[in-house]
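Let's take a friendly look at one helix and one interface. The structure comes first, and the reading follows.

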2 protein chains.
Amino acid sequence: MKAVDFTGEAVRLIDQSALPHKEQWIELKTVEGVATAIKEMKVRGAPAIGVAAAYGMVFAQDPEKEADILKSARPTAVDLAHAVDFVLDMLRNGMNVIQAAAQWEKMNEEKCKKVSENGATLIKDGQKILTHCNTGFLAADAYGTALGAIITAHKQGKKIHVYVDETRPRLQGAITSWELLKENVPHHVICDSSAGFLMKKDEIDSVMVGADRIAANGDTANKIGTYSLSVLAKEQWIPFYVLAPLSSFDAGIQNGEHIKVEERDEREVLEINGMRIYPEGAHAKNFAFDITPARNITAFVNENGVFRGIEDVWKNTME
Amino acid sequence: MKAVDFTGEAVRLIDQSALPHKEQWIELKTVEGVATAIKEMKVRGAPAIGVAAAYGMVFAQDPEKEADILKSARPTAVDLAHAVDFVLDMLRNGMNVIQAAAQWEKMNEEKCKKVSENGATLIKDGQKILTHCNTGFLAADAYGTALGAIITAHKQGKKIHVYVDETRPRLQGAITSWELLKENVPHHVICDSSAGFLMKKDEIDSVMVGADRIAANGDTANKIGTYSLSVLAKEQWIPFYVLAPLSSFDAGIQNGEHIKVEERDEREVLEINGMRIYPEGAHAKNFAFDITPARNITAFVNENGVFRGIEDVWKNTME
């Protein structure tokens, strides 16, 4: 499954804003059209956004000039800028724009496939895995990271069961459940607040999550709620794995204290699918991410392997 | 504020199923009417249900016979049976039924007032308190327990700030926010999964929760998510307080392993206010409660005082 494709004439992507209730594909044939789809979160997840933007460059009359329309669609998504810059570089080197975008897509796919395969080695037959947010093909364009590892293990014939955190406020658990249903992976959705109790009942063998950014010392920024899961897993001696491609490891950031945590619109908490839940006058705090200290992380998984400590991740990149 | 009242002719109660959007009172003049309101959760919270049932007895032609209609409305609510049996006892002793119900209401109110006052001694000027679920007057008829302590501290002039867990799946945070708005207590609603991160950021000075049942050894059953909060609070050295009247302390249950945890309809997770959130075919696990081990609880608060260990609670009852 791919979240983004190129038909030869159009960028074709699954409209994530219609999921999980409707599987609806849209086709875009302009730079502005792709940029708007990114802005409106019809395509979500840094790697998937990157692939969409790379193909968006196909429609540019003046690539150097129009690159910024795409790059500014979601200014904080690092993969977006990397993808567009990669296409520009290849163009300068004389490559065809469609080939350049296809190469970016292929590199991304290979990377995510390896993260998934490496992660799957950590899953044993019969195990129950807890995951948080959405880290599947919808977010990564192909395979995914944590969810990619889970689905890979299932395809390898391991009998597994998945617990899916609903992941308030944006309820990405719904699209994770949608991906698992597509692949026939047995799972239950749970409220975020019941993960701890399931761990205590010996219902969880490991926790697998993705990462938005990993600092030099291993502190990891990821979807709000990840930190709590790491503390609860530690309390119950349950392995806690972070799965992400090397592009999410940022040696330029010393530790978690230097990662700025985005606060988002309180309406994401106060409303659900546009329906107001809280009384008029109520306010909410809405942190999009939290920071999990490196000491709570059992292992990091990237395209190069499984690493039991952040030092080993860095050593490996220097080999 | 009272959640349940007797007008002289009718049981008058605030319709909790309409909150937090509409403050709507209903009047009931039959045993069956009160029983149905309890069944349909128009009145919620064990003590509030008890008061409603006590007054429901006023309409019985044959109290001994009709008592069961009320008692069976929510078979697991211990206070409900206690309240009805109390009225029956008083009738046998020659008391008027309205007086008997009013006495139950008064006893309940005094008990909750003391729990709230005792709990308020744990809150210092300037502190930020995290609470979970709804433990205010709506649940307790008058004052409340954990939320009662918080509102009492506010009324004593202490400048406090409250963080309110939204408490999925039933989102009781919305009615807690409604109570705090009524009393002008500054607060923010948060997603349950962000409580841990707020603790890590030094934004929480104490956690205050109620209890459904407390075992002889201090293990405490309370709304799902309470156990996780207790682990996170311990990790960050934040005091974790359980507030409940003595009637919730059950010396007949040895420890938490003997408390049966109710699993409720998965639709409470899969739907929000009747709107389906998850794809067709998805299933959910929905535990209503969890068990917090006594070792994670800094102190118990009941109508007799603040107790730093469960042994002191029991010693006090024997004095």
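Which strands of chain A do the buried residues of helix 12 of chain A pack against? They pack against strand 8 (213-215), strand 11 (249-250), strand 15 (299-302) and strand 16 (305-307) of chain A, where contact means heavy atoms within 4.5 Å. Helices (H or I, at least four residues) and strands (E, at least two) are DSSP runs, numbered from the N terminus.

This is a predicted model, in which local features need pLDDT of at least 70, side-chain atom pairs count only at pLDDT 80 or more, and totals for chains, interfaces and linings use all residues. Residues are numbered from 1 along each chain as its sequence is written, chains are lettered from A in the order in which they are written, and side-chain values use heavy atoms, with hydrogens and water left out.

Helix 12 of chain A covers residues 310-318, and its buried residues are Ile310(A), Val313(A), Trp314(A) and Asn316(A). Seen down the helix axis, these fall within an arc of 160 degrees (from the directions of the C-beta atoms), so they line one face of the helix. Glu311(A), Lys315(A) and Met318(A), on the other side, are exposed. Buried means under 20% relative accessible area and exposed over 50%, with partly exposed in between (1.4 Å probe, protein chains only).

Now to the interface of chain A and chain B.

| Item | Value |
|---|---|
| Residues in contact | 55 residues from chain A, 55 residues from chain B |
| Buried area | about 4600 Å², 67% of it on carbon and sulfur atoms |
| Salt bridges | 4 salt bridges |

Buried area is the accessible area (1.4 Å probe) that two parts lose on being put together, summed over both. A salt bridge puts a side-chain nitrogen of Lys or Arg within 4 Å of a carboxyl oxygen of Asp or Glu. Arg168(B) and Glu166(A) meet in such a salt bridge through their side chains (2.6 Å, N to O). Helix 10 of chain A gives the most to the side of chain A that touches chain B, with 6 residues.
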